[in-house]
Number of protein chains: 2
Amino acid sequence: MATSSKKPRRTAQRILEVTLDLFNRFGEPNVSTNLISSELGISPGNLYYHYPAKEQLINAILAEFEIALAELAPQAQDVRHVDDARIFFRAWFEASWRYRFLYRDLSDLLSKNRHLEQQFRHLLRHKQQAVETLLKGLHQGGALKTEPQALGALSTTLVMMLTYWLNFEFVRNPRRTADASDVNHMVHNGTLHSLQLLSGHLSDEQRHRLRSFSDTGI
Amino acid sequence: MATSSKKPRRTAQRILEVTLDLFNRFGEPNVSTNLISSELGISPGNLYYHYPAKEQLINAILAEFEIALAELAPQAQDVRHVDDARIFFRAWFEASWRYRFLYRDLSDLLSKNRHLEQQFRHLLRHKQQAVETLLKGLHQGGALKTEPQALGALSTTLVMMLTYWLNFEFVRNPRRTADASDVNHMVHNGTLHSLQLLSGHLSDEQRHRLRSFSDTGI
């Protein structure tokens, strides 16, 4: 009985993995449910049984992404120095890379899918909270000289960076392959540019530390 | 004779205006050439005579956008204070808003259209140059305390802001109408957040000036 109840769940999970891969490779608008079922080697009816429409697939993948970010967010509490912030931003960009189709087609997706629209607003709010927690931690650790409240628009700009940096990398170099070293490079750039936003507000020692990242690579 | 030679040019221009409006309203992937000709009240054959494929329409609109930005860019040379920078960023965001479909569907457009891919890389390079010129001007005017070279990644981050801010506004509030006051609000936000990036590097007087923008609205 255990096996039979587990099997549909495994199929559902496999469907999500293959769908995510196809969405990331070709862009969500260019992937039909027929392509998904043929890639999986299952019948359209079987796919339909698990996910009656593409919208449900998208929403299920978004739910996974939300869980990944919800697991990451509490780590912002422990950030005290730019080294911690670097690790945090890196992990955030890596999660965003795994679900990159969402960002690539974001405006299009949001205009078609109401549920997604609401969920994305929550997600942005959580991102904003995580960034504010991180800035508070840096201030507490003495790395940030300026009071977080006095940074004004900067926390929103950081959220914007976390949201769009990988898109910007794509626009700068659309032909870049997506192999591990390229991904590493893009994630590195995003992390570095995010930290750089704070440079004018860091203690001298931490600014020096930040400069060492750009020279050596992260 | 003057009239007959002018007429096709006028039609071509009208086609571009209506196409731009449709692309902005519905997103380029959702606008067919049939929709364009029917909106114009001309035959598909007449549209085809001027623009044999949607790609040509996109490229012609991009060329217009490039001209708009090329006319703006030299103004970066005259920027000395945050007030000048504010006017410059505002104008840049306003031009980007006029051609917003390009940014909304950018990744998708670039993956389909080779010409666009090359042109967009030029455009990013020109943006980068304009931003660097602006930073140099601010330093020359005494508004920026830090040498532009020492700002490191910050100029690229500004380019990124100029490229994606309006998308970010859409994601934050997809149901916002696009009436004049909303557009003004989005452009104001983008301008403010761009200037805020520099806050840690501004002279005290100019930082104070910047703070007054956020209180009063721009």
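Here are some questions and answers about a predicted model.

Q: How are the rings of Phe23(A) and Phe101(A) arranged: stacked, tilted or edge-to-face?
A: A pair of aromatic rings is described by the distance of the centres and the angle of the planes. For Phe23(A) and Phe101(A), the centres are 4.8 Å apart and the planes stand at 50°. Planes under 30 degrees apart would count as stacked and those over 60 as edge-to-face.

Q: Which helices does the pair of Phe23(A) and Phe101(A) link?
A: The two residues are 78 residues apart, so to speak in distant parts of the chain. Phe23(A) and Phe101(A) are both buried. Phe23(A) belongs to helix α1 (residues 2-26) of chain A, and Phe101(A) to helix α6 (residues 100-104) of chain A.

Q: What kind of pair do Phe88(B) and Phe89(B) make?
A: Their ring centres lie 6.2 Å apart, and their planes are at 65°. Planes over 60 degrees apart count as edge-to-face. That's why the pair of Phe88(B) and Phe89(B) is edge-to-face.

Q: Is Phe89(B) buried or exposed?
A: Buried means under 20% relative accessible area. Phe89(B) has 0% relative accessibility, so Phe89(B) is buried.

Q: Which residue has its charged end over the ring of Phe213(B)?
A: Chain B has a couple of spots to look at here. Arg100(B) lies over the face of Trp97(B), at 3.9 Å from the ring centre. Over the ring of Phe213(B), 4.8 Å from its centre, sits the charged end of Arg86(B).

Q: How many residues apart are Asp21(A) and Arg25(A) in helix α1 of chain A?
A: These two form a salt bridge, with the closest N and O atoms 2.8 Å apart. Asp21(A), at 36% relative accessibility, is partly exposed, and Arg25(A) is partly exposed too, at 46%. Along helix α1 of chain A, their spacing is about one turn of the helix, that is, four residues.

Q: Which helices hold Arg209(A) and Asp83(A)?
A: The side chains of Arg209(A) and Asp83(A) meet in a salt bridge, 2.6 Å from N to O. They sit 126 residues apart, and the bridge links distant parts of the chain. Arg209(A) is in helix α11 (residues 204-216) of chain A, while Asp83(A) is in helix α5 (residues 82-98) of chain A.

Q: Which residues are linked with Arg209(A) in a network of salt bridges?
A: Arg209(A) is partly exposed, at 34% relative accessibility. Its network of salt bridges takes in Asp83(A) and Arg86(A).

Q: Is Asp204(A) buried or exposed?
A: Asp204(A) and Arg207(A) meet in a salt bridge of 3.5 Å, N to O, and both lie in helix α11 of chain A, three residues apart. Arg207(A) has 22% relative accessibility, so Arg207(A) is partly exposed. Values over 50% count as exposed. At 57%, Asp204(A) is exposed.

Q: Which residue of chain A comes closest to the rotation axis?
A: Chain A superposes on chain B by a rotation of 180° with 0.0 Å of shift along its axis, at an RMSD of 0.0 Å. That is the relation of a two-fold axis. The copies meet through the same surface, because 100% of the interface residues of chain A are also interface residues in chain B. With its C-alpha at 2.1 Å from the axis, the residue of chain A that comes closest is Gly200(A).

How values were computed. Residues are numbered from 1 along each chain as its sequence is written. Chains are lettered from A and ligands numbered from 1 in the order in which they are written. This is a predicted model: local features need pLDDT of at least 70, side-chain atom pairs count only at pLDDT 80 or more; totals for chains, interfaces and linings use all residues. Side-chain values use heavy atoms; hydrogens and water are left out. Rings of Phe, Tyr and Trp (its six-membered ring) pair if their centres lie within 6.5 Å; planes under 30 degrees apart count as stacked, over 60 as edge-to-face and the rest as tilted. Buried means under 20% relative accessible area, exposed over 50%, partly exposed in between (1.4 Å probe, protein chains only). A charge sits over a ring if NZ of Lys or CZ of Arg is within 6 Å of the ring centre and within 35 degrees of the ring normal. A salt bridge is a side-chain nitrogen of Lys or Arg within 4 Å of a carboxyl oxygen of Asp or Glu. Copies are superposed by least squares on the C-alpha atoms of residues with pLDDT of at least 70 in both. Contact means heavy atoms within 4.5 Å.
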